[in-house]
Amino acid sequence: MKKQLRHSLISSAVLLVATTACFAGSYKGENYKGEAMAPCPTPLMIKDGFYLGAQLGYDSYRTRNNISARTATETFSTNPALNATGWVGGLFGGYGQYFNEMYYLAGELFVNTSGASTSTNTNHTYLSTGVDSLYTKTSVNGSWGVSLLPGLRLNDATLLYVRLGYEQARIKGQASAMFNGVSLGSVSKSSWRGGFNYGLGIESTFYPSWSVRTEFNHTNYGSFSNNVTLAGVGSGSANYNPSDNQFMVGLNYHFA
């Protein structure tokens, strides 16, 4: 029994000496065979500095159309809420900086082109004279904007951010009127309308200097109107109050 205990103590002492030697070799950057140890990989992280990217998404412009038509004897009005939907894509660029290794702030410019559009046709029967028809269409050609992106670092590779900014969109309104099947006039008007742009997004790096992001944002735009003269019979008008819900996915390259 004593002989077995002595052998156990000797084995433990040998193991302790060997372990100490290994740690001593590792302290100098070597393994137990005297070879250099492999360096630890640098963790992926979103970098400070300038960045440039491309984005693709989907627009849903909710447009409240206040439509009215008047003749010498009759008046009618309606206010349908329509969704002008379509694909949107563009480019963006900016500069971002971390603060206290936790908080982030970036300034960004972007330009987009959109295929969102919608139309409506409103009919009204006049008891004394006939049927009046008022057609309206809303489409979006493009937009640009400037934003601040305050964010919070979730981990080395991922950032949660808020978009706060101003956006302008080129919105086109078209209107035409018919009375008893006869065209009475039409008008088309394109207008740059601006509004406050805000949203929430998340960005994550997947390769050195490259990251992807996805976000949802909303913009309320200023209203505008079109007027149609009904060739001596009367007049019609369409007032547009647009707003946009937008979903985007972007690919970023960081120059730092």
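User: How many aromatic pairs does the count come to?

Analyst: This is a predicted model, and in it the count comes to 8 aromatic pairs. In one of them, Tyr 253 and Phe 255 have ring centres 5.1 Å apart and planes at 85°, and because an angle over 60 degrees counts as edge-to-face, that is how this pair is classed.

User: Are those two, Tyr 253 and Phe 255, buried or exposed?

Analyst: Tyr 253 is partly exposed, with a relative accessible area of 29%, whereas Phe 255 counts as exposed, at 54% relative accessibility. Together with Trp 210, these residues form one aromatic cluster.

User: And which ring does the charged end of Arg 153 sit over?

Analyst: The charged end of Arg 153 sits over the ring of Tyr 98, at 5.5 Å from its centre. Arg 213, in turn, lies over the face of Phe 92, and here the distance to the ring centre is 3.9 Å.

User: Switching topic, what makes up the largest nonpolar core?

Analyst: That core has 11 residues in all, among them Tyr 61, Ala 84, Ala 116, Ile 171 and Phe 224. The elements giving two or more residues to this core are β7 (158–179) and β11 (234–254), and the largest share, 3 residues, comes from β7.

User: What is Ala 84 in contact with?

Analyst: If its neighbours within four places in sequence are left aside, Ala 84 is in contact with Asp 59, Ser 60, Tyr 61, Ala 116, Ser 117, Thr 118 and Thr 138. There is also a second, separate core of 10 residues, which includes Tyr 51, Phe 92, Tyr 104 and Tyr 161.

Methods
Residues numbered from 1 in each chain as written. Predicted model: local features only at pLDDT ≥ 70, side-chain atom pairs only at ≥ 80, totals over all residues. Heavy atoms only, no water. Core = buried A, V, L, I, M, F, W, Y, C linked by side-chain atoms within 4.5 Å. Buried < 20%, exposed > 50% of the residue type's maximum accessible area, 1.4 Å probe, protein only. Helix = DSSP H or I, 4+ residues; strand = E, 2+ residues; numbered from the N terminus. Contact = heavy atoms within 4.5 Å. Phe/Tyr/Trp six-rings, centres within 6.5 Å; stacked < 30°, edge-to-face > 60°. Lys NZ or Arg CZ within 6 Å of the ring centre and 35° of its normal.
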